[in-house]
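Work through the exercises below with the sequence and coordinates at hand. Each task is followed by a stepwise solution.

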Amino acid sequence: MELNIFFVLFFTEFFADMGLALKIFVLIALVSFIKSNLGTGPFAVILMAVVCYFVLFDQWKLFGGIYVLYIMFFFGLGHLLVDFFFVAQHAPGEDMTHIPSHNMPRRMH
């Protein structure tokens, strides 16, 4: 019985810590985005404060879930694009004469 309580407490604390780490990462991403687009003027600082409070404390459950889905989607999309354009092999038996480098004669020096 004590072992089960230990695992439950461990996982709840682990998820709480991961939530805090995700909040800090989102905070850094928001501040970096605003600084790169608006600079460090007074309007940018006020906007940083308002957006950070709204996203991190007021509506975290909504924006935290959206942010995690956003990151998962774009990491997956990026992986898919890299696989498609750089890693994927050509189909066997495919005529590759349409590729310019295969049609050019090689010069010997």
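The model is predicted: local features require pLDDT of at least 70 and side-chain atom pairs pLDDT 80 or more, while totals for chains, interfaces and linings use all residues. Residues are numbered from 1 along each chain as its sequence is written, and side-chain values use heavy atoms, with hydrogens and water left out.

**Exercise 1. Fold.** Determine how many helices and strands the chain has.

Solution. Helices (H or I, at least four residues) and strands (E, at least two) are taken as DSSP runs, numbered from the N terminus. Under this assignment the chain has four helices and zero strands. The pattern along the sequence is accordingly written α-α-α-α. For burial, the limits are under 20% relative accessible area for buried, over 50% for exposed and partly exposed in between, with a 1.4 Å probe and protein chains only. Of the 109 residues in the chain, 10% are buried. With contact defined as heavy atoms within 4.5 Å, 45% of the contacts with a separation of 6 or more come from residues 24 or more positions apart.

**Exercise 2. Core.** Identify which residues form the largest nonpolar core.

Solution. A nonpolar core is a set of buried Ala, Val, Leu, Ile, Met, Phe, Trp, Tyr and Cys residues joined through side-chain atoms within 4.5 Å. The largest such core has five members: Val26, Val55, Leu56, Trp60 and Tyr67. At least two of its residues come from each of helix H2 (42-58) and helix H3 (60-87). When residues up to four places away in sequence are not counted, Tyr67 touches Leu22, Phe25, Val26 and Ala29.

**Exercise 3. Aromatic rings.** Characterise the geometry of the Phe73 and Phe74 pair.

Solution. Rings of Phe, Tyr and Trp (its six-membered ring) pair if their centres lie within 6.5 Å; planes under 30 degrees apart are stacked, over 60 edge-to-face and the rest tilted. Phe73 is partly exposed at 49% relative accessible area, and Phe74 is partly exposed at 42%. Ring pairs join Tyr70, Phe73 and Phe74 into a cluster.

**Exercise 4. Pocket.** State which helix gives the most to the lining of the largest pocket.

Solution. On a 1 Å grid over the protein atoms alone, a pocket is an open set of points where a 1.4 Å probe fits, with protein on both sides within 12 Å along at least five of seven lines; lining residues have an atom within 4 Å of a point. The lining consists of Val26, Ala29, Leu30, Phe33, Val55, Trp60, Phe63, Ile66, Tyr67 and Tyr70. H3 gives the most, with five residues.
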